[in-house]
Amino acid sequence: MAGGLWQGWASERERQTSNVFTNELGGHLHPQTVLVHFKKLATSVGAPNARVHDLRHTYAVLSLQNGDDVKTVQENLGHATAAFTLDVYGHVSEHMKEASAQRMQQYIEAMG
């Protein structure tokens with residue numbers, strides 16, 4: 001929306017290594033500014049002890065639970081290998097187990 005005033009990513013490399021949180025023109029935000037606003041939002045939704053890094057963990061787990069392949073999640077998180085992503089975020093939830101069981105049940109029923 002800022003058009004030519006955007007100060008952010010000039011290249012793909014910059015996009016991948018630049019700030020996650022920026023001002024309206026793509027400029028740097030001080031980490032304390034981000035933290036203060038995050039804590040206000042977290043408290044307003046009943047999670048006063050939440051950390052900014054918890055957003056990354058939540059993204060990874062929800063992505064995997066909702067069917068994103070591990071390679072996509074690995075690349076989005078910037079991990080070197082899919083094995084590392086699975087080691088850190090691959091704990092299988094009850095939802096994932098149930099979905100897997102339903103897929104197998106449908107497969108078996110379709111064979112008969």
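**Figure 1. The whole chain and its contacts.** Among contacts between residues at least 6 apart in sequence, 19% join residues at least 24 apart in the protein chain. Please keep in mind, as you look through these views, that this is a predicted model. The secondary structure comes to six helices and zero strands, and from the N terminus on the elements run α-α-α-α-α-α. The chain is more spread out than a compact globule, because its radius of gyration is 19 Å, well over the 13 Å that the globule rule gives for 112 residues. Along the principal axes, the C-alpha atoms fill a box of roughly 60 × 35 × 30 Å. Of the 112 residues, 16% count as buried. The accessible surface of the chain comes to about 8,600 Å², and carbon and sulfur atoms account for 58% of that area.

**Figure 2. The largest nonpolar core.** Six residues make up this core: Ala60, Val61, Leu64, Val73, Leu77 and Tyr89. Two elements, helix H3 (52–65) and helix H4 (70–77), each give two or more residues to the core. The largest share, three residues, comes from H3. Leaving aside neighbours within four places in sequence, Leu64 is in contact with Val70, Val73, Tyr89 and Met96. Val73 and Tyr89 are also listed among the members of the core.

**Figure 3. Ser63, a buried residue of helix H3.** Ser63 has its place in helix H3. Ser63 counts as buried because its relative accessible area is 7%, and buried means under 20%. Beyond its neighbours within four places in sequence, Ser63 is in contact with Asp68 and Val73. To follow one of these pairs, look from Ser63 to Val73: the two are 10 residues apart in sequence, and their C-alpha atoms are 6.9 Å apart in space.

Figure 4. Thr85 lies in helix H5, which covers residues 82–89. Is Thr85 buried or exposed? Thr85 counts as buried, at 0% relative accessibility. Not counting residues up to four places away in sequence, Thr85 touches Val70, Val73, Gln74, Leu77, His79 and Gly90.

Figure 5. Ala82 has its place in helix H5. Ala82 is partly exposed, with a relative accessible area of 22%. Which residues does Ala82 touch, not counting those up to four places away in sequence? The answer is Val70 and Gln74. Val70 and Gln74 are also among the residues that Thr85 touches. For a sense of scale, the C-alpha atoms of Ala82 and Asp54 are 20 Å apart in space, while the two residues are 28 apart in sequence.

Figure 6. How many salt bridges does the structure hold? The structure holds one salt bridge. Side chains of opposite charge can pair when their charged atoms come close. Here, Asp54 forms a salt bridge with Arg51, and the closest N and O atoms are 2.6 Å apart. Asp54 is partly exposed, with a relative accessible area of 24%. Arg51 counts as exposed, because its relative accessibility is 51% and exposed means over 50%.

**Figure 7. A nonpolar patch on the surface.** Met104, Tyr107, Ile108 and Met111 form this patch. Together they have about 470 Å² of accessible area. Met104 has its place in helix H6, which covers residues 94–111. At 46% relative accessibility, Met104 counts as partly exposed.

Conventions: Residues are numbered from 1 along each chain as its sequence is written. This is a predicted model: local features need pLDDT of at least 70, side-chain atom pairs count only at pLDDT 80 or more; totals for chains, interfaces and linings use all residues. Side-chain values use heavy atoms; hydrogens and water are left out. Patches are made of residues with over 30% relative accessible area and no salt bridge: like charges are joined within 9 Å, nonpolar side chains (Val, Leu, Ile, Met, Phe, Trp, Tyr) within 5 Å. Accessible areas come from the Shrake-Rupley method with a 1.4 Å probe; for residues, only the protein chains shown count as cover. A salt bridge is a side-chain nitrogen of Lys or Arg within 4 Å of a carboxyl oxygen of Asp or Glu. Helices (H or I, at least four residues) and strands (E, at least two) are DSSP runs, numbered from the N terminus. Buried means under 20% relative accessible area, exposed over 50%, partly exposed in between (1.4 Å probe, protein chains only). A nonpolar core is a set of buried Ala, Val, Leu, Ile, Met, Phe, Trp, Tyr and Cys residues joined through side-chain atoms within 4.5 Å. Contact means heavy atoms within 4.5 Å. The radius of gyration is taken over C-alpha atoms; the globule rule is 2.2 Å times the number of residues to the power 0.38.
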